[in-house]
Amino acid sequence: MAELDIDTRAGKLGIDWSQVNLDSIQLPPGENFGIESDDEGVYHDDQLEFDTGFGNIIVVDNLPVVPKTKFEKLENVLKKIYSQLGVIKEKGLWMPVDPNTGMTLGYCFIEFNTPQEAQNAKEKTHGYKLDKSHIFAVNMFDDFDRLMNVKEEWEAPQTKPYVPGENLQKWLTDEKARDQLVTRSGPDTEVFWNDARQKNTELYWTESYVQWSPLGTYLVTLHKQGAAVWGGADTFTRLMRYQHNMVKLVDFSPGEKYLVTYHSQEPNNPRDASKVEIKVFDVRTGRMMRDFKGSADEFSIGGPGGVAGASWPVFRWAGGKDDKYFAKLSKNTISVYETETFGLIDKKSIKVDNVVDVCWSPTDSILSLFVPEQGGGNQPAKVALVQIPSKVELRQKNLFSVSDCKMYWQSSGEYLAVKVDRYTKTKKSTYSGFELFRIKERDIPIEVLELDNKNDKIIAFAWEPKGHRFAVIHGDQPRPDVSFYTMKTTQHGGRVTKLGTLKAKQANALFWSPTGKYIILAGLKNFNGQLEFFNVDELETMATTEHFMATDIEWDPTGRYVATAVTSVHEMENGFTIWSFNGKLLYRNLKDHFFQLAWRPRPPSFLSPEKEEEIAKNLKKYSKKYELEDQDVSLLLSEQDREKRKALKEEWEKWVKQWKSLQEEEKLARQSLRDGEVSDEEEEEDEAKEVKEVEFEDVIEVTEEVVQE
């Protein structure tokens with residue numbers, strides 16, 4: 001406070017400073033003199049967030065006792081072991097030395113960047129066998145202080161009352177069986193129910209994008225300090241944070257047990273590769289299980305000749321909810337890790353020369369891999385299936401004259417389709433076909449499928465979820481053909497059979513309903529959002545419509561609704577539209593700078609396939625109670641449209657009235673400047689506005705009628 005302010009305040013209180021002995025003033029005890037600072041709360045929060053103490057230091061015992069000449073070698077060995085488990089601070093490894101003998105004392109202190117890394121290092125290396133005589137004993141530095149202060153008398157632990165946490169699946173119990181979706185537009189993140197009547201939304205902040213976990217339990221957001229997961233139904237709660245500065249990408253394991261985060265840093269020298277850091281966290285505890293570091297080239301697919309830079313996701317998770325295995329592809333190597341120890345299976349990678357792609361079965365621990373031709377065609381390309389963790393090769397197919405290969409697993413893991421692009425004899429062009437693996441059958445038989453016109457270019461391929469059919473877009477644009485095939489028919493047993501072909505469709509993408517049966521033939525990008533809703537069971541079109549400039553299409557997890565979106569790659573009509581499964585437009589939601597939409601996934605149903613089939617057959621009985629509600633929604637939307645049009649009309653009329661009033665005022669002002677005379681132009685306008693009544697006769701029809709007396 002300025003001296004002038006103090007004098008003014010003293011004058012108001014009637015205090016004469018000349019009569020005050022400042023040395024006689026006694027302040028209350030304490031650093032703050034009994035006056036609580038306005039910043040105290042902020043300071044306390046900062047301490048909770050950033051106070052590290054000694055929780056990031058571990059003590060490694062049972063090390064070799066070495067002289068000064070071997071000190072550096074032992075230090076390098078320890079750094080090599082522990083740098084794989086976390087970031088060791090600069091000068092963060094200290095080994096005490098006996099001042100009399102110059103020998104080390106058999107233990108060291110290692111300081112990591114975070115307590116999580118230190119805890120992870122302790123758990124992973126306690127009991128580590130350096131050699132026969134030296135087995136590591138690792139403890140947290142804080143444990144020594146705790147163990148030194150153990151009370152001599154035993155005290156019974158206090159029992160804390162059980163406080164149930166929030167039910168993270170509560171949103172699945174919605175009475176109207178609605179689904180949720182998240183959108184990103186500009187700086188806003190909105191999570192709301194799929195309900196045209198809902199107005200209120202929940203806003204959540206993130207610095208780039210958001211992502212649902214595979215079973216819909218969590219929503220992850222990205223921040224400068226790391227990632228955070230949220231859960232709930234109407235009100236989302238932050239459940240856990242994961243420290244990874246400047247995180248750019250995230251990925252969940254299929255069972256939601258683990259979260260993978262990715263960060264890359266551009267090098268100072270443009271000739272150098274980017275530096276990549278990947279961390280794997282336990283979702284519930286937030287503990288880092290392992291991290292991976294290196295250049296982007298180390299995480300690229302296939303090395304030279306593969307995808308440039310690090311691709312995402314770098315780690316491919318095995319199918320199923322167990323989250324037991326994940327794989328990383330690098331040059332001539334497939335590294336498969338198991339999550340019990342987060343180490344390599346059998347402590348070594350699988351060596352496969354020139355491997356360029358791997359895919360897991362969605363349901364089993366089976367890895368499919370593709371190796372292109374080598375030696376100028378002398379060694380054929382191959383597709384192989386490998387069982388994990390045994391690493392036994394279940395099946396292999398050699399392929400000749402191959403240009404490229406793409407693998408497509410069916411969602412239930414029953415089939416694998418391999419699209420093979422082959423060179424013609426002249427090597428000047430290519431043609432495509434399919435190798436179809438029947439995974440669940442004995443010896444995994446393989447069928448070869450060629451299109452009726454094998455020179456047709458294959459534009460898109462998609463398996464039917466929970467079914468045995470697949471669809472292919474093939475031919476020349478802008479009007480290619482769409483063909484449907486089945487892997488199982490009563491007439492042909494276990495042979496692939498074509499069901500039918502739709503000629504000349506404006507489509508370049510396929511979107512099956514999650515429940516099968518229905519598919520959308522979509523024309524995105526250059527096709528300006530053409531949509532055809534098709535029933536594959538009946539082979540008939542249910543609706544043909546358009547969402548102009550649509551860039552994205554996504555079914556809701558139940559297969560009842562479809563969202564089409566125009567993202568901010570276009571400057572106009574940004575937002576999304578919700579359709580019914582059969583192509584009926586339900587409602588639109590326009591948003592400026594709109595760039596992301598994602599439905600909240602649902603976990604698998606507990607119903608048996610037989611029960612689901614029974615419900616599908618009796619769907620009308622189950623859906624009757626919702627028909628009136630749907631009708632109410634339609635009426636409400638119509639009323640909302642009428643109110644919106646009425647408001648627009650009133651706004652227009654108000655605007656016109658204002659301008660007419662302004663025009664009259666200006667007209668009178670002009671007339672006063674001309675001594676009451678109107679200008680020639682205004683006179684002509686007034687004459688043009690005069691309403692003249694004109695009567696005229698027009699003979700509409702002449703009839704002749706003979707009247708008999």
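**Aromatic pairs**

I started with the rings and found 36 aromatic pairs in the structure. The model is a predicted one.

I looked up phenylalanine 54 and phenylalanine 141 next. Their rings form a tilted pair, 5.2 Å centre to centre, with 45° between the planes. Where do the two residues of this pair sit in the chain? Phenylalanine 54 lies in the loop between α2 (40–50) and β1 (57–61), and phenylalanine 141 belongs to helix α5 (residues 141–148). I noted that the pair links distant parts of the chain, 87 residues apart. Phenylalanine 54 is partly exposed, with a relative accessible area of 47%. Phenylalanine 141 is also partly exposed, at 29%.

Then I took tryptophan 652 and tryptophan 655. Is this pair stacked or edge-to-face? The ring centres are 5.3 Å apart and the planes stand at 25°; planes under 30 degrees apart count as stacked, so I logged the pair as stacked. Both tryptophan 652 and tryptophan 655 lie in helix α7 (residues 619–673). Being three residues apart there, they are separated by about one helical turn. Tryptophan 652 has a relative accessible area of 53% and is exposed. Tryptophan 655 comes out at 43% and counts as partly exposed.

I also followed a chain of ring pairs. They link Tyr258, Phe292, Phe315, Trp317, Phe326, Tyr337 and Phe342 into a cluster.

**A charge over a ring**

I looked at tyrosine 431 for a charged neighbour. The charged end of lysine 454 sits over the tyrosine 431 ring, 4.7 Å from the ring centre.

**The four-stranded sheet**

I traced an open sheet of four strands, in the order β27-β28-β29-β30. The pairing is antiparallel. Which strands form the edges? They are β27 (402–409) and β30 (446–450), and each pairs on one side only. From one strand to the next, the twist averages 20°.

I then went to β28 (residues 415–423) and β29 (residues 430–438). These two strands pair in the antiparallel sense over nine bridges. I found valine 420 opposite glycine 433, which is in β29.

**Salt bridges**

How many salt bridges are there? I noted a count of 23 salt bridges.

I checked lysine 397 and glutamate 435 in detail. Their side chains meet in a salt bridge at 2.6 Å, N to O. Lysine 397 is in strand β26 (residues 392–399) and glutamate 435 is in strand β29, so the pair ties together parts that are 38 residues apart in sequence. Is glutamate 435 buried or exposed? Glutamate 435 is buried, at a relative accessible area of 3%. Lysine 397, at 22%, is partly exposed.

I moved on to arginine 438. Arginine 438 forms a salt bridge with glutamate 441, and the closest N and O atoms are 3.6 Å apart. Glutamate 441 has 39% and is partly exposed.

For another pair, I looked up lysine 151 and glutamate 155. The side chains of lysine 151 and glutamate 155 form a salt bridge of 3.4 Å, N to O. Both residues are exposed.

My last check was on linked bridges. Which residues form a network? Salt bridges link Asp174, Arg178 and Asp195 in a network.

Conventions
Residues numbered from 1 in each chain as written. Predicted model: local features only at pLDDT ≥ 70, side-chain atom pairs only at ≥ 80, totals over all residues. Heavy atoms only, no water. Pairing = 2+ DSSP bridges. Axes fitted to C-alpha atoms, helices over the stretch in contact; angles between N-to-C directions. Salt bridge = Lys/Arg side-chain N within 4 Å of Asp/Glu carboxyl O. Buried < 20%, exposed > 50% of the residue type's maximum accessible area, 1.4 Å probe, protein only. Phe/Tyr/Trp six-rings, centres within 6.5 Å; stacked < 30°, edge-to-face > 60°. Lys NZ or Arg CZ within 6 Å of the ring centre and 35° of its normal.
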